[in-house]
Each structure stands twice: as C-alpha cells, then as structure tokens.
Amino acid sequence: MDKMNENTRENTENLSELNMTPILLAAVLGFVIMAIILILRKRSLGRRDFLLTGLSESGKSAIFMQILYNKFPNTLTSITENVGEYRSGRSSGRLIDIPGHYRVRNKYFDQFKHSAKAIIFVVDSVTVQKEVRDVADVLYSVLADVATQSCPVLVLCNKHDLSTAKGAQVIKSILEKEMNIVRSTRSRKLQSVGEEDASKPLCLGKEGKDFEFSHVQQNVQFIECSAKENQLNNLSDWIERLL
Ligand SMILES: Nc1nc2c(ncn2[C@@H]2O[C@H](COP(=O)(O)OP(=O)(O)OP(=O)(O)O)[C@@H](O)[C@H]2O)c(=O)[nH]1
Ligand SMILES: [Mg+2]
C-alpha cells in the first residue's frame, strides 16, 4: 500500500515537472518579447532630433530663430550648435541648428546623427548655382551616411523673398546633375583606396543610371521658404507630420 502511494507521489511530481516546462518556456519567451519591444521603443523614442544642416550662410540660424521664437535676428556665422524644443500640441521634437562652416560641420553632424529623426538641408536659393559643387558635396555626404538612412530629408530652398531666388524644381534638377559628378569622383577615390568598412558612406542611386533623388533610400522633398518673411508654414507642416 505504502509502495503504491510512493509511486503515485513520484508520478505526480514527474507530471508537474513536465507541466511546468511549457509554462516556463512561455514566460521566458514573453520576457524576451517584452524586452525587444522595450528596446525598439526606446530606440525610436531616442530619435527625436530634426537636424538643420547645409552650407554656411544658407540661413539655418535664421530659420531656427523664426520657427521657434518668431525672430529674424542679425546672425553671425555659428561656431557651435543651437538646440531648441519644437512643440505642437502634445507632440514635440528637438530642433538642432548645426554650424555650416566646413571645419566644424562634420563634427557636429556626427554628434547628432544617431539621434536624428529627420534632416532639413538648407540651401541658399540665390547662390545655389554658383556654389553647386559644395552644396552637392555636402548633400551627398548627408544622404550617404549609414546612420541616417531612415531619416526623411527636406531640401529647404531658403531666401525666396529675393527675386533672384531659383525655384525648388530648378534647384532639384541642377543638384541631380551635380550629384552625378560627386558620385563618380567619390567612387574613383574609394576604388583607389580599396577600403572595406561597414560604416563607410554608401554609393548613392542606381548603378549605371543618372542620379535621381527618387533612387535614394530616404524620402527627399524640395520646398521653398523665406526665413526673413517668416514664410515657414510648409516647413512646420513637414515637421509636424513627423512628430
Ligand atoms: N533675404 C534673406 N536673407 C536671409 C534669409 N535667411 C537668412 N538670411 C540672411 O542670410 C545670412 C546668413 O544667415 P544665417 O542664418 O546666419 O546662416 P547659417 O546657415 O546659420 O550660417 P552658418 O551659421 O555660418 O552655418 C544672414 O545675413 C541672414 O540675415 C531669408 O530668408 N531671406
Ligand atoms: Mg548659423
């Protein structure tokens, strides 16, 4: 009788051990899934910066001041970044004005690119033709950066209060032509160096085809604005859609 009891107890223990396994597995799986969700949420929450970048004198600081504080100040060439909070209802993001001077531009871009949600590339619509090589070169670096492939890009054609300003469509096509030249110069340089590095800039567009903004990974849009006359509605609409 005692033996029978012992056997029954052993059997029940074995059974409960067996029953516990799927429960434990489910708990561990649930925990792993929760952890992944939390990490992904933290990552996407981590990206809340809108970077204002582009050549010096294009009007980044003027746009920054107008859109955040309704002021068009006498600006000096920036030597450091400006950071401000952009709020719309219950949503908000950070606006970062990156200095355009070639000596510091990359340093600040690298500092903020990992927290970038979107990029606003400011162009001086009056001088763009004259400076097209530099503009295309900087824009190419921005679009080819591995860290910002998920960021929508707005090419903001500023200074449209001036009569000599070029239209957004014209700017788009002169930049597309110039990006071809930048691409071939860079690919020749890369070939001669022969580097293989996961973080090296990408080759943009479709191989063997003329460069087009529609071929790059990011969504690239072109709009016109004037910081001076506070015509920045298209910019705020674009930002608010992404907040
Ligand atoms: N007419 C006109 N001038 C503008 C406009 N926006 C900026 N400017 C002028 O352009 C010049 C450069 O403006 P900033 O805002 O300092 O340019 P930035 O891009 O911040 O330049 P860095 O700080 O050197 O990178 C200043 O003299 C501004 O007054 C605009 O919409 N229209
Ligand atoms: Mg500035």
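Tutor: A nonpolar core is here a set of buried Ala, Val, Leu, Ile, Met, Phe, Trp, Tyr and Cys residues joined through C-beta atoms within 7 Å. In this predicted model, the largest such core has 49 residues, and those with the most contacts inside it are Phe121 and Leu156. To place these two residues, we can turn to the sheet itself, which is open and consists of 6 strands in the order β2-β3-β1-β4-β5-β6, with mixed pairing. Because β2 (82–88) and β6 (220–224) stand at the edges with a single partner strand each, one side of each is left without a neighbour in the sheet. From one strand to the next, the twist averages 25°.

Within the sheet, strand β1 (residues 49–54) and strand β4 (residues 116–124) run parallel and are joined by 6 bridges, and Leu52 stands opposite Ile120 in β4. Across β1, β4 and β5 (153–158) lies helix α4 (residues 132–144), which runs at about 175° to β4.

The contacts of Phe121 bring these pieces together: leaving aside its neighbours within four places in sequence, Phe121 is in contact with Thr53 and Gly54, with Leu139 and Val142, and with Val153, Leu154, Val155 and Leu156.

Definitions and conventions:
Residues numbered from 1 in each chain as written. Chains lettered and ligands numbered in written order. Predicted model: local features only at pLDDT ≥ 70, side-chain atom pairs only at ≥ 80, totals over all residues. Pairing = 2+ DSSP bridges. Helix = DSSP H or I, 4+ residues; strand = E, 2+ residues; numbered from the N terminus. Axes fitted to C-alpha atoms, helices over the stretch in contact; angles between N-to-C directions. Contact = placed C-beta atoms within 7 Å. Buried ≥ 20, exposed ≤ 12 C-beta atoms within 10 Å, placed from the backbone.
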